[in-house]
Amino acid sequence: MEFVARRSDARQRMVEAAKQLIRQRGYEATAFSDVLKLSEAPRGSVYFHFPGGKAQLAMAAAEAHAHDQVVIIDQAAEGAGSAAELVQRYVDLGREGMVASDYARGCGIAPLVIDGAAQESVDMAETSRRAFAQMIDRLAFHFIVLGIEQAPARVLADAVVAGVEGALVTARALRSPAPFDAVRAALVSLALGGAAKASRRGRA
């Protein structure tokens with residue numbers, strides 16, 4: 001049992017290391033050797049855990065990133081009294097993470113698409129699509145719970161993910177949190193508009 005646990009722990013460390021490196025460097029610039037060094041996993045564990053090679057590891061990292069984001073969304077939704085407040089909390093968490101990383105941390109999914117890997121692999125393209133969809137679906141779910149109707153909740157969720165993804169890129173380029181502030185203001189306004197429409201329909 002202990003041996004199995006160690007092997008499982010090595011796989012998890014490799015996934016976390018790959019996720020961190022891909023967020024910082026992108027997919028193409030992340031090598032197995034770098035993952036092994038950061039994770040301190042045994043060299044022989046590479047193809048034991050990831051027989052599909054670098055692509056399989058990157059997909060696991062993207063899935064882990066999506067899972068982390070869903071957890072963050074759920075945490076931001078706890079105690080949020082409105083869709084606008086959830087938007088503000090979620091964008092602010094992204095802003096805080098970017099500043100804390102000294103503008104070195106991006107998305108764990110986007111590099112698979114931007115670097116062209118998703119165009120070369122059907123599995124990687126599907127992993128990227130599913131990872132973003134999980135985040136959008138979770139946001140839309142909470143927006144509906146908070147009073148936004150289904151169709152505008154989906155639009156708002158799409159806008160939040162797209163806005164934060166763009167802010168991750170431009171904040172790194174500018175080395176400034178200003179893009180997050182601009183995105184937050186626009187998205188909060190959109191959320192307030194959706195809530196106002198839902199309220200008017202409720203009174204009709």
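Q: What counts as a helix or a strand here?
A: A helix is a DSSP run of H or I with at least four residues, a strand is a run of E with at least two, and numbering starts from the N terminus. By that rule, the protein has ten helices and zero strands. From the N terminus on, its elements run α-α-α-α-α-α-α-α-α-α. This is a predicted model: local features need pLDDT of at least 70, side-chain atom pairs count only at pLDDT 80 or more, and totals for chains, interfaces and linings use all residues. Residues are numbered from 1 along each chain as its sequence is written, while side-chain values use heavy atoms, leaving out hydrogens and water.

Q: How do you know what confidence the predictor has in the protein?
A: By pLDDT, the predictor's confidence in each residue, from 0 to 100. The mean is 90, and 91% of residues reach 70 or more. Residues 1-6 are below 50, and this stretch has zero contacts in the model beyond near neighbours in sequence.

Q: Why are helix 4 and helix 8 called roughly parallel?
A: The axes of helix 4 (residues 54-77) and helix 8 (residues 122-145) cross at roughly 5° and come within 10 Å. Axes are lines fitted to C-alpha atoms, for helices over the stretch in contact, and angles run from 0 to 180 degrees between N-to-C directions. Angles under 35 degrees count as roughly parallel. Helix 4 and helix 8 are therefore roughly parallel.

Q: What makes up the contact of helix 4 with helix 8?
A: Contact means heavy atoms within 4.5 Å. Helix 4 brings residues including Ala 55, Met 59, Ala 62, Val 70 and Ile 73. Helix 8 brings, among them, Met 124, Arg 130, Met 135, Leu 139 and His 142. The contact residues divide into twelve nonpolar, four polar and five charged. Here Ala, Val, Leu, Ile, Met, Phe, Trp, Tyr, Cys and Pro count as nonpolar, Asp, Glu, Lys and Arg as charged, and the others, Gly among them, as polar.

Q: What makes a space a cavity or a pocket?
A: On a 1 Å grid over the protein atoms alone, a 1.4 Å probe fits in a cavity but cannot get out, whereas a pocket is an open set of points with protein on both sides within 12 Å along at least five of seven lines; lining residues have an atom within 4 Å of a point. One cavity of 30 Å³ or more is found in the whole structure. The largest cavity has a volume of about 60 Å³.

Q: Which helix gives the most to the lining of the largest cavity?
A: Helix 4, with three residues. Helix 1 (2-25), helix 2 (32-39) and helix 4 each supply at least two. The lining includes Ile 22, Tyr 27, Phe 32, Lys 54 and Leu 57. It divides into eight nonpolar, one polar and one charged.

Q: Which helices supply at least two residues of the largest pocket's lining?
A: Helix 1, helix 4, helix 5 (83-100) and helix 9 (150-174). This pocket has a volume of about 320 Å³. Of its 20 lining residues, Arg 23, Gln 69, Ile 72, Gly 94 and Arg 105 are closest to the centre.

How values were computed: Parallel < 35°, antiparallel > 145°, perpendicular 65-115°, else oblique. Points joined across faces, edges and corners; volume = space filled by probe spheres on them.
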